[in-house]
Amino acid sequence: MNVNQSVPPVPSFGQPQPVYPGYHQSSYGGQSGSTAPTIPYGAYNGPVPGYQQTPPQGMSRAPPSSGAPPASTAQAPCGQAAYGQFGQGDVQNGPSSTVQMQRLPGSQPFGSPLAPVGNQPAVLQPYGPPLTSAQVTAQLSGMQISGAVAPAPPSSGLGYGPPTSLASASGSFPNSGLYGSYPQGQAPPLSQAQGHPGIQTSQRSAPSQASGFTPPASGGPRLPSMTGPLLPGQSFGGPSVSQPNHVSSPPPQTLPPGTQMTGPLGPLPPMHSPQQPGYQPQQNGSFGPARGPQPNYGSPYPAAPTFGSQSGPQPLPPKRLDPDAIPSPIQVIEDDRNNRGTEPFVTGVRGQVPPLVTTNFLVKDQGNASPRYIRCTSYNIPCTSDMAKQAQVPLAAVIKPLASLPPEEASPYVVDHGESGPLRCNRCKAYMCPFMQFIEGGRRFQCCFCSCINDVPPQYFQHLDHTGKRVDAYDRPELSLGSYEFLATVDYCKNNKFPSPPAFIFMIDVSYNAIRTGLVRLLCEELKSLLDFLPREGGAEESAIRVGFVTYNKVLHFYNVKSSLAQPQMMVVSDVADMFVPLLDGFLVNINESRAVITSLLDQIPEMFADTRETETVFVPVIQAGMEALKAAECAGKLFLFHTSLPIAEAPGKLKNRDDRKLINTDKEKTLFQPQTGAYQTLAKECVAQGCCVDLFLFPNQYVDVATLSVVPQLTGGSVYKYACFQVENDQERFLSDLRRDVQKVVGFDAVMRVRTSTGIRAVDFFGAFYMSNTTDVELAGLDGDKTVTVEFKHDDRLNEESGALLQCALLYTSCAGQRRLRIHNLALNCCTQLADLYRNCETDTLINYMAKFAYRGVLNSPVKAVRDTLITQCAQILACYRKNCASPSSAGQLILPECMKLLPVYLNCVLKSDVLQPGAEITTDDRAYVRQLVTSMDVAETNVFFYPRLLPLTKSPIESTTEPPAVRASEERLSNGDMYLLENGLNLFLWVGASVQQGVVQSLFSVSSFSQITSGLSVLPVLDNPLSKKVRGLIDSLRAQRSRYMKLIVVKQEDKLEMLFKHFLVEDKSLSGGASYVDFLCHMHKEIRQLLS
Amino acid sequence: MATYLEFIQQNEERDGVRFSWNVWPSSRLEATRMVVPLACLLTPLKERPDLPPVQYEPVLCSRPTCKAVLNPLCQVDYRAKLWACNFCFQRNQFPPAYGGISEVNQPAELMPQFSTIEYMIQRGAQSPLIFLYVVDTCLEEDDLQALKESLQMSLSLLPPDALVGLITFGRMVQVHELSCEGISKSYVFRGTKDLTAKQIQDMLGLTKPAMPMQQARPVQPQEHPFASTRFLQPVHKIDMNLTDLLGELQRDPWPVTQGKRPLRSTGVALSIAVGLLEGTFPNTGARIMLFTGGPPTQGPGMVVGDELKIPIRSWHDIEKDNARFMKKATKHYEMLANRTAANGHCIDIYACALDQTGLLEMKCCANLTGGYMVMGDSFNTSLFKQTFQRIFTKDFNGDFRMAFGATLDIKTSRELKIAGAIGPCVSLNVKGPCVSENELGVGGTSQWKICGLDPTSTLGIYFEVVNQHNAPIPQGGRGAIQFVTHYQHSSTQRRIRVTTIARNWADVQSQLRHIEAAFDQEAAAVLMARLGVFRAESEEGPDVLRWLDRQLIRLCQKFGQYNKEDPTSFRLSDSFSLYPQFMFHLRRSPFLQVFNNSPDESSYYRHHFARQDLTQSLIMIQPILYSYSFHGPPETIAQWRKAGYQDMPEYENFKHLLQAPLDDAQEILQARFPMPRYINTEHGGSQARFLLSKVNPSQTHNNLYAWGQETGAPILTDDVSLQVFMDHLKKLAVSSAC
């Protein structure tokens, strides 16, 4: 993490906080705020008017709290007209907008600003002022007064009218009613006491308090209060969850009963009480369930009125911060689905914010790359770096160059420019794209990236029409589409030779552990059929990919499976110190030609090693061997490594067990994430040079040092799969499913990705599974449709509002049939001079993707605590900048969030309390390294659900409903003990069964007669012929189908010891490892913001 | 006693020994004046169908520095049950088992006819013979096929309980595991990496045997004492497997681009073979059989690079010091050879290629370990096939004609010391009272190791008379020498063969005639030739020739009868008369002349010369030309043959004439190992050059004046004819100048 780089930027935020000494926001792309909103809202507009327009406010105040106002002020009454894309009269948009208008009841409210938004039935209640601004505003009068409190921001996307605030805020929240009763006084204590007990040092909290509380006394007393909560937090941690993110087996430990929760909390109140009498109810906050207003709090916080009421600053009897009143991810997702899921997203217009990743939508490529390929943190970039620095909103694009598309969308066209190769700008080498400007009657074109004027080669010449467009523009994908492919010429190939078809090499650990668990037998059996499904190009009859086999323990066994042999031949290489490939001919073969020999081999491997006693393994030589084999065969390819144990045999890359939990929360914690030796990086580098991608399947039953072993997969664009304590009976389905998908998925090999930008910005940083030998080229030995590269941009010049900013991502790769191709993605972004425009066009999911990756990389170099602080500070600065520059003036006690970022606090909190950044006692070092590694190449949808799991109630919706039930928020208080829930985060899948669920339901799902007879930890539901069973199993299947990795089901019973495991994923609650609850964190965030503002 | 000739022959047949002098000059000074050293050719395992081994162990002299074996020359006191060692005169008690000994009840070793006797030792575990095939796969397809067939065939010739192993090599080296079912398994090594024995054994898993072995060992140590490796398995268990394995053997699959030699890792392959046996079966009879079809081109021991445009070193390159790989390669193979010898194993080299294969560098492997060296054009020739087959021939007892891990221990009576040995042996560096300080051949020791030997393996052993001139030997005194050869018989028994000989001493002054008459000019010629060849390995060719010439002239001066400065008066007695002629041919032989021979060929010829018995050696020095004819002009025979007369019934006699030499040739071919190159040619035929290079160049372009004698065509050579040679010799011999 780039710490200490620069000075805290914005003067208005004033003083760098002593608390976060090392951290400076500058490391994030700074952005200056602007308040000109408009365009992006269009999308929201139609569907969910409730969120956006608060015409009255907008009109009344020039910079209304919401981004929308300026535009909306003028147009609010007529709804969509205000929004850029619709307003422009785009043919396609036109109808859709009208449709929306008609459809959506929400449109009505627009007319009358005062009217509560109608389309969020559950959410909206007649809150005083109809606030539609994009901001979430929360007034925390209590904070103002006591200095501690910020009531949580309202949950729904609606802007909370800042000044009048309370009412408006409530209006925007889904559960505004609750919101109204929300005790402002309550929040602050929570945030201080419990919000980040584990994380924050007393120093940090001290200053923040100082501001919030009465200045003199606060500093001193604070400290104890902080430590107080810490202890309980830790005590919880002990017994808690084992492997939160990827649990393979239930944790053995028993959980303390619910009482513990109260136990630790107990001590808190007294500690606070001297300072802040009203804080005791914190407990409530941490527990999640909303309780009634708590009288205790009332008195200390005069300024905490109900949010519902318009009188913001008025002290009201304090109430507990109502979780329902703060922005709800569920609601936002739901709204976006409703509003934007129905119409195709047409990419013709520059700077459009696409629908959320959680929304199902179709994309029509009209000149910009589909959001499936590229998503940005913001679609409107500040024109100057000063603005960017001010805003602190990172400018990043999350690029998934080979993303798979739904069948309705066409995959990119392949363009062949013949022998001369793809047409490019002579100076910056950008590829021909729709943004290139043809001039001089078509004889030349001006590069849209560097402005260089190039001659059009004669064979490419075409006349221009009256608008200056080439007449063939729509016949040529490269002139009309955002994404397309070029056939590469030999100049684009390694050694100026067209590549051979790639190869897959299966490298199987046959040491004692692998044999004992049945893994080898299972794998060999599976491979026999799986090999028929190697990826193939388009309509090819058979895959061009050749296969090879290696087994190993502390020596390597290569197999000659040449078709002419009657039996496979095994060749043992024991010289692991100096690895080489013992054979060329017969090692990599066509599956169909050598089928008999391969089958015979796969039959024999389990037998041959059945009696092995060899427990030691090597690792680096194995990859080296695969890489050398590819080198010898002069092709790129992928290694599938199936590995069980820490490689302790004498060989290069030998590792020792260095797992040391004592390092956690020390400055040395980062070493746990770093590889043990440099051998792995060196090897990875060689692999990349050869186009050798490594996929690693781990089957450890103890520490294997994932941090080190995953270096090569990580740097070669490969994947790591981990099956702790693998047992065939329990894990076979998950493993086989992952294996099948991994083997079958389409891969590009030997790839180089280059992101070009128009003048003014520059790609400066890259995150993901790849290797870089210079500062611009992302080298990927392999790249599949799941792998994502996050790119951060910085200004190096001023941008022009008119011309906007362009990105071109060019990926040169070898297809799985061995064809060399270039895939080009283009994306045009808007540029703004008003910070509000920036805030109005942000995508929080993408932002979180970037911030998580940034943080997860940061732990390699900085103490975890510093990384977390960095995140918090940046988030606070982003929000403070908004508050300062874009929101309408309002009392400091209000928390005002930009509409687009109202989920930033909750999501960021999830990142902060993730296993990597805040490990619980049961999280192993390997798990942390594994997750860290996984997140690095996740796309936006994956990070979204990973950090904020989906919780689906099973019996609420009608049984005949075929759609997924609406999710509920990930908090224990949302669970009804009469219901069952599925929880998934992309890696884990739980079925939580409430204790008082109906017997009939239990019977029809589990085929047992009562709750008590349900086997805890069950991983397979019985196949029963009844609607409920079918539906639940169908739902599970469909959830699994949506994820790139198979999620093993774990059935958790309420009050069962396994429930601890499950609760770890209820991310809105306080976690046992000390992670703050949503409410607490929001309060804390508010405090930070206020501090910055004061 | 009959003639010396008969005596010599009888001794050779009985003891396998031929001395240059059969009466020994009694003083050091005189001995040196005899020019030809006192030496003998010893054939340690000479076949003696009439000599069944005795089933007990030899009785040794108790003096620790002597340990001579009880023999017929010892004086025995039957009453006191004592015997006196005839070498050190130590008096020894007979062992208890000899309690019944008496004049009439003598053990065999005391009987004069048992001057050579063989003991069989019952002690110790018997280890099976081991054959480790090291096979080059960088061969042409048909060559490889032929080789594979030969190897498969050989499996049927091996004793069933012999252990066999297979290593193949090309760019990589593969050690094949023979015990596995279903899937053939091999260990592969990089062909470029020099591995230590320890590394090899580690990598083959020999240092820590597989678990089942560890378990089995304590349980049945007796039954499976040698089961510790999967790479060497009893033939009878795996012959099917191995036959299949050989059948599936592919040519080295690594591509060889135009203008390149295949990468051939002979050096590493041999190193691994040596290391494998070293780790598993030290001091057990084992043959490493290297089959190679070209020069090593990579790794340690490489002889030539893989660029075809750079040819393999020639004698010219070597003289100019241009053979850049030679020294390093030689060093590598010498190191291997010495290790192999130390382990008691031997290395055979079967090199079949049209070009050189690096025998020059690898020769020590065969030379020092007693292995065979066979050179041919192709594995697909009868020369190779039959030669290879002949290795597995059996003797009258049905035993293989091969023995392993022999040590030759020589004891001499005190007037003699051992100067050295020349043959397929290495020194064991055993110093002792009977070791001379002057070395001839491999000296400085009284014991040598001969790792592989057969009934014809013959060593030249050189002695020095150390008796001073002023310490006369009593009249009738005899000098004695005992050869004790301890070896592993092909039946895997340990055996000891003891040969004890004695010869009379004679005073040169008074008994020169005796000594002269007892000169064995054939043995002397071969022994001198061995010395010459031995020198030629380290010295410049011309120097060796000059040395040989000087020796010859000195001999003629010493033993010739002539008048000073009168060449025509020069005469040699019968016992010396052929000697100059042998020397003439020796000078022209490929053993000393490298012209017209590649370094490999020279190494090959010298290798064989240094191990053949006397008869074969002599033939090799002086070829025998047999003639066949009708009584007519012979030059027409070729024309007749071409015309096909031999196929016509009416010319059956002509057919017989043609057949006769063929039959004789076959007979000769069958008697020799390795099988000689057999060339059937005719006058003016292209192959006739092989013949012409061997015969006496009595007519050359240098003496064309002699043309017209119509006895044959001139031979185009710079060599002098025998006649010229003899003339010069006489002149020099009678000259008082030298």
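Predicted model: local features only at pLDDT ≥ 70, side-chain atom pairs only at ≥ 80, totals over all residues.
**Stop 1: where the chains meet**

Start by selecting both chains and colouring them separately. At their interface, 23 residues of chain B touch 27 residues of chain A. Together the two chains bury about 2100 Å² there, with carbon and sulfur atoms giving 56% of that area.

What joins Arg190(B) to Asp578(A)? A salt bridge does, with the closest N and O atoms 3.0 Å apart. Between chain B and chain A the count is 3 salt bridges.

**Stop 2: α9 and α10 of chain B**

Next, select residues 326-343 of chain B for helix α9 and residues 359-369 for helix α10. Their axes come within 7 Å and cross at roughly 15°, which makes α9(B) roughly parallel to α10(B). The crossing is right-handed.

To see the contact itself, display side chains on both helices. On α9(B), the residues to look for include Met326(B), Tyr333(B), Ala337(B) and Ala341(B). Facing them from α10(B) are residues including Leu360(B), Met362(B), Cys364(B), Cys365(B) and Leu368(B). Colour by class and the contact of α9(B) with α10(B) divides into 10 nonpolar, 4 polar and 2 charged residues.

**Stop 3: α13 and α14 of chain B**

Stay in chain B and pick residues 521-538, helix α13, along with residues 541-559, helix α14. The axes come within 9 Å and cross at roughly 155°. Are α13(B) and α14(B) roughly parallel or antiparallel to each other? They are roughly antiparallel, and their crossing is right-handed.

For the side chains, select Met528(B), Leu531(B), Gly532(B), Arg535(B) and Ala536(B) in α13(B), which meet Val544(B), Trp547(B), Leu548(B) and Gln551(B) in α14(B). By class, this contact of α13(B) with α14(B) has 6 nonpolar, 2 polar and 1 charged residues.

**Stop 4: α22 and α28 of chain A**

Move over to chain A and select residues 519-530 (helix α22) and 728-744 (helix α28). These helices pack at an angle of about 35°, and their axes are 11 Å apart. α22(A) passes α28(A) in a right-handed crossing. Leu519(A), Leu522(A), Leu523(A), Glu526(A) and Leu530(A) make the contact from α22(A), and the α28(A) side includes Val728(A), Phe735(A), Leu736(A), Leu739(A) and Arg740(A). Counted by class, the contact of α22(A) with α28(A) has 9 nonpolar, 2 polar and 2 charged residues.

**Stop 5: a link across the sequence**

Finish with Lys400(A) and Asp939(A), whose side chains meet in a salt bridge at 2.4 Å, N to O. Lys400(A) sits in the loop between β6 and β7 of chain A, and Asp939(A) in the loop between α33 and α34 of chain A, so the pair ties together parts that are 539 residues apart in sequence.

Methods. Residues numbered from 1 in each chain as written. Chains lettered and ligands numbered in written order. Heavy atoms only, no water. Axes fitted to C-alpha atoms, helices over the stretch in contact; angles between N-to-C directions. Helix = DSSP H or I, 4+ residues; strand = E, 2+ residues; numbered from the N terminus. Parallel < 35°, antiparallel > 145°, perpendicular 65-115°, else oblique. Left-handed = near helix turned anticlockwise from the far one by under 90°. Contact = heavy atoms within 4.5 Å. Nonpolar A, V, L, I, M, F, W, Y, C, P; charged D, E, K, R; others polar. Buried area = accessible area lost by both parts, 1.4 Å probe. Salt bridge = Lys/Arg side-chain N within 4 Å of Asp/Glu carboxyl O.
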